[in-house]
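Please look over the points below with the model open beside you.

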Amino acid sequence: MKHLLYLGLLGLLLWASGCNSTTYTADSLPPERILFGSGGGITGMATTYCLLENGQLFKMEGVVEGEFLEQPKVKKRSAKESFELARELGIMGMNLNQPGDLYSFIEYHKEGKKRRLTWGVPGNPAPEKIILLYKSLVQLSKTP
């Protein structure tokens, strides 16, 4: 009987610890995050997404910086995979600043530092691995 009680308490403790995931707001984002998006053209309009490792996703649109609005969460596992790929690619050590009239970007924030990779000049694409990360991030932003 004691064993059942201990097992029950252990199960309750594990359940409670799993429910304790931090939720952020647009005003209190964690230090590690991935921003990505695109913009430019005649209007200069830009769309920026902000992905957090817990699966939260925020979106901002406009000609000037506006306010991030929370979007439906993405799968936590998919978000974690995106962060792992960004780390593996070594984005913090890369340099890519080739915006064209229409541009795409990935901006990685980690430990108080950030690195923005921007591309769009015709005939001068970003490295293939960066394009693959970007496409997977865009796909995440479209997942309901």
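1. Strands S2 (46–51), S3 (57–62), S6 (102–110) and S7 (113–119) each supply at least two residues of the lining of the largest pocket, strands being DSSP runs of E of at least two residues and helices runs of H or I of at least four, numbered from the N terminus. The model is predicted, with local features needing pLDDT of at least 70 and side-chain atom pairs 80 or more, while totals for linings use all residues. Residues are numbered from 1 along each chain, and side-chain values use heavy atoms, without hydrogens and water.

2. Among the 16 lining residues, Leu35, Thr48, Met60, Glu65 and Arg116 are the closest to the centre of the largest pocket. By class, the lining comprises 8 nonpolar, 3 polar and 5 charged residues (Ala, Val, Leu, Ile, Met, Phe, Trp, Tyr, Cys and Pro are nonpolar; Asp, Glu, Lys and Arg charged; the others, Gly among them, polar).

3. Ser78, Ser82, Leu85, Ala86 and Leu89 of H2 meet Lys129, Ile130, Leu133, Leu137 and Leu140 of H3, contact meaning heavy atoms within 4.5 Å. The residues of this contact of H2 with H3 divide into 7 nonpolar, 2 polar and 1 charged.

Notes. 1 Å grid on protein atoms, 1.4 Å probe; cavity = no way out; pocket = protein on both sides within 12 Å on 5 of 7 lines; lining within 4 Å.
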